[in-house]
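Biologist: Thanks for sitting down with me. Could you walk me through this model, one question at a time?

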Amino acid sequence: MKRKAITREAQLLLIGIPVFLWTMIPIYHLFLFAISGRDSATSGRLWPKDPTLQNFSVVFQQHHFYLNHFWVQLGNSLVIALTVGALTLIIATTAAFAISRLKVRGGRLVMNLALFTYFIPAAFLAVPMYKTMGNYGLLNNQWALILAMVTIASPYCIWVLKQASDKLPWELDEAARIDGASPLQLFRLVYVPLMVPSLVAVGTYALLLAWNEYLYAFLLLSRDDSVTLSVALGNFLAADDSPWELLMATGFIYALPPAAIYYAFKRYMVGGLTAGAVKS
Amino acid sequence: MATVSFRDVKKRFGSTAVIHGVSIDIDDGEFVVLVGPSGCGKSTLLRMLAGLEEISGGDILIDGRVVNDLESKDRDIAMVFQSYALYPHMTVRENMGFSLRLRRAENRTIDERVMQAARILNLDKLLERHPRELSGGQRQRVAMGRAIVRDPKVFLFDEPLSNLDAKLRVAMRAEIKQLHQRLQTTTVYVTHDQIEAMTMADRIVVMQDGIIEQIGTPLELFDSPRNLFVAQFIGSPAMNVFDGAVRDGAVEGLAASWPMPPGVGAPTGQQVQYGVRPTDLQLGSRGIAGTVVVVEPTGAETELLVDVGGQQLTVVTHGRVTAKPGQSIKLLPDPARVHVFDTRSGQRLQ
């Protein structure tokens, strides 16, 4: 019995250690660059001779040509990600409620269409999306990116929430109806409170999707003070002589919020996104 | 308080008819139990009364008013579900006050009514707990509390005790009956358990395959079942039934001659089903011969399985019995309490 447990532990470590290294080595190098001076950044050492926080100071004080709009761009990323998260949440929650609980006509069709969108890679739609936003006069407007990201995130979120909704006991709706709840009250007072774990998971998913987006942000936004930080990071590579240490320092800062959010909500992420994955 | 009437109520799911024209009149303050095997349509009937299922034909009236097209919330009914259906995110207090809150009652009124109901149901110490922190019986009481807080015209119960263990079920049965005696609210109660029906009901409606087999008080159903189905469904242990044929004012069956009930006449040769309840067979020195197969003493009474003419009959006698398996005994049916059913129609001959 005991031996079995030890073997099992060993097996887990055998898988765990490579996965850990695989994940952490790039991040470690990112960090290494970020705390190295300009000259020692590519020296190949595992720990810099004179570790410094100078790069972060340059970034925060916007003391570089590529970083002139750092705070604005960070703000853009934040505003866009939060808006996408909130909008997606509203759309997906109401859609899932209508389809799963109110059983509106055409619900199945909507679900099938939502699934169908995943047959087409998002990159395929980039140019049509660019054209569409142009038609509406939204190019270079942050709403273009917000709407595009909501479009991309919603179908998946509707699916996840619909699956989770289906697991709520049907009697709760009936009890609420007999208690006198209108559909809106049912939504507000019973449905949403019970869906919180899934809502957090789905909201975080949409938020991080928008935060990490590069392609659409690059296409739809172009002014320096309207682009997101991900695009600004890409712009570092426009020069022959890129300031790698600053790129990495900025990248490190850029990676912190998702890590924090993920850590804060990890309890919901695993439970929420897999809820409804199996029939219980 | 209110009367409830079903008038030729029908229900179809797609092309399948599940309730074929049911009519019941329930008096003000009456406790009516709908009972039948699963799939007989009893729950569907209740859900139609609750407004949770559309009515395909006929009318349902509450207090003389047709409610067919009325929303659940406008019917002034309260329902207790088998799964309790408590709101998991609300405390007991919030669960019980929810319907009043939706009706925009004043906080003071809500508090008073919830406290009142909580005292009746012994829930006053649990008001701040969540449903997950309660036992099955407590949850069931909260579900009832949620119903009585509103002081509705009609209580509906949909198999409310099925999720409880046997001991608790008996206790809750008495509690629900007490509650009804105290509040005198018209109640419709659905169950598949005939003992629940017998012990709780003022009147029982026995259903099968979407039709009513018989409506009556528990003892009416027990003493004068209209047909074989009701006879076998009501009563525990179940009625002994065997094939027979009428000959010279008696029934020949199981290689013996059984007495006809007084006042019942049937032509010689008619094929019948003969029914006699386990309590209506007495052990004696004369009568129909049989062999004891199993003896099951339960203390107050003894249940015997007796082989008569190749079929096993159940016999229940009060007190102790000295009979041993394999022993020959004589059974004496009480002619006033036996039943004869027409084999073809299943109807009781009277």
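**Where the chains meet**

Modeller: Gladly! This is a predicted model, and in it the contact takes 17 residues from chain B and 14 residues from chain A.

Biologist: Which elements give two or more residues to the side of chain B that touches chain A?

Modeller: By class, that side of chain B has 11 nonpolar, four polar and two charged residues. The elements of chain B that give two or more residues to it are β6 and α2 (92–102).

Biologist: Over to chain A, then. Where in helix α8 does the kink lie?

Modeller: Helix α8 of chain A covers residues 183–212, and a straight helix of 30 residues would span 44 Å. Between its end C-alpha atoms, α8 spans only 36 Å. There is a kink of about 65° in α8(A), shortly before the proline A:P197, and it lies at A:V196.

Biologist: Last one: what ipTM does the predictor give the complex?

Modeller: For chain B, the mean pLDDT is 90, with 100% of its residues at 70 or more. For the complex, the predictor gives a pTM of 0.81 and an ipTM of 0.82.

Key:
Residues numbered from 1 in each chain as written. Chains lettered and ligands numbered in written order. Predicted model: local features only at pLDDT ≥ 70, side-chain atom pairs only at ≥ 80, totals over all residues. pLDDT = per-residue confidence, 0-100. Helix = DSSP H or I, 4+ residues; strand = E, 2+ residues; numbered from the N terminus. Expected span 1.5 Å × (residues − 1). Bend = angle between axes of the 7 residues up to and from the residue. Contact = placed C-beta atoms within 7 Å. Nonpolar A, V, L, I, M, F, W, Y, C, P; charged D, E, K, R; others polar.
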